[in-house]
Amino acid sequence: RSSDLKADPGATSHEMHKTDAIPDLSQNARFTLIMDRSSGGAFGGASFMIWKAQLFSKIAIPEKQVLTINDSLTVEEAAADYSKKLKEEFPGQDIPVFDFLILGVGPDGHTASLFPDHPLLQETEKIVAAISDSPKPPPERITMTLPVLNAARTVVFVAVGEGKASIVKRILETEEENPLPAALVQPRHGKVHWFLDEAAAKELTGPVEKHSVL
């Protein structure tokens, strides 16, 4: 069965491309983006260009297996178009079920383009939504919604650096009345894994499994 991969193209793209052990994905993988953002003016697909330069150009995967966002459309049109593409890729599934999902986390606890206290956290119908008032620039973005994130079979969060330490602790070791967006990612039938460097994990008090490759 083919593998369906998707990635949050924020800081995670800069962190993940450094690996030397890049597999051959030419036969069995499809790659999509969890979110993308404007590059100024019209919605411009800025995040896809980062992933293309830092990852897609370095792995053996045909372009036809990378589901792209139409950067010639407005942010609302791009969200609707991407939702349609996903439904075509996953026929018969109201909510696409991905095998593997890679997410980053912001210092405010946001993930994808789902921000604390934003109305999109309550979205239950759309699988891809437009956002025009992002508290983090640029304001115009598209993002997959929580129902999609929570349908994945495996979710991996990647966080590096001391600047992520306090928010990682809040997410993993603090119960809050209004959980942060990253804490709301709890796959119904899947698992969540966190990959941290020592700086990002330094405030955790619970057990941490260490690996020399991180």
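Q: How many salt bridges does a search of the whole structure find?
A: A salt bridge is a side-chain nitrogen of Lys or Arg within 4 Å of a carboxyl oxygen of Asp or Glu, and a search of the whole structure finds five of them. Please keep in mind that this is a predicted model, in which local features need pLDDT of at least 70 and side-chain atom pairs count only at pLDDT 80 or more, while totals for chains, interfaces and linings use all residues. Residues are numbered from 1 along each chain as its sequence is written, and side-chain values use heavy atoms, with hydrogens and water left out.

Q: Which residue forms a salt bridge with Glu162, and where do the two partners lie?
A: The partner of Glu162 is Lys202, with the closest N and O atoms 2.7 Å apart.

Q: Is Glu162 buried or exposed?
A: Buried means under 20% relative accessible area, exposed over 50%, and partly exposed in between, using a 1.4 Å probe and protein chains only. Glu162 has a relative accessible area of 52% and is therefore exposed.

Q: Which residue forms a salt bridge with Glu173, and which one with Arg170?
A: Glu173 pairs with Lys169, the closest N and O atoms being 2.8 Å apart; because these two residues are four apart in helix α5, about one helical turn separates them. Glu173 is partly exposed at 31%, and Lys169 is partly exposed at 25%. Arg170 forms its salt bridge with Glu176, where the closest N and O atoms are 2.7 Å apart.

Q: How many aromatic pairs does the structure hold?
A: A pair of aromatic rings is described by the distance of the centres and the angle of the planes. Rings of Phe, Tyr and Trp (its six-membered ring) pair if their centres lie within 6.5 Å, and planes under 30 degrees apart count as stacked, over 60 as edge-to-face and the rest as tilted. The structure holds two such pairs, one of them being the stacked pair of Phe157 and Trp194, with 4.3 Å from centre to centre and 10° between the planes. This pair links distant parts of the chain, since Phe157 is in strand β8 and Trp194 in strand β9, 37 residues apart. Phe157 is buried, at 0% relative accessibility.

Q: What is the volume of the second largest pocket, and which residues are closest to its centre?
A: Rolling a probe the size of a water molecule over the atoms shows where empty space is left. On a 1 Å grid over the protein atoms alone, a pocket is an open set of points where a 1.4 Å probe fits, with protein on both sides within 12 Å along at least five of seven lines, and lining residues have an atom within 4 Å of a point. The second largest pocket has a volume of about 540 Å³, and of its 18 lining residues the closest to the centre are Trp194, Leu196, Val208, Glu209 and Lys210. The elements giving two or more residues to this lining are α5 (165–173) and β9 (191–196), and β9 provides the largest share, four residues.

Q: How many residues does the largest nonpolar core have?
A: A nonpolar core is a set of buried Ala, Val, Leu, Ile, Met, Phe, Trp, Tyr and Cys residues joined through side-chain atoms within 4.5 Å. The largest one has 45 residues, and among those with the most contacts inside it are Tyr82, Leu86 and Leu103. Helix α3 gives the most to this core, with five residues.

Q: Which residues other than glycine have a positive phi?
A: Among them are Ala112, with phi of about 50°, and Asp117, with phi near 65°. Ala112 is placed in the loop between β5 and β6, and Asp117 is found in the loop between β5 and β6 as well. Ala112 is buried at 2%, whereas Asp117 is exposed at 71%.

Note on methods:
Grid points are joined across faces, edges and corners, and a volume is the space filled by probe spheres set on the points.
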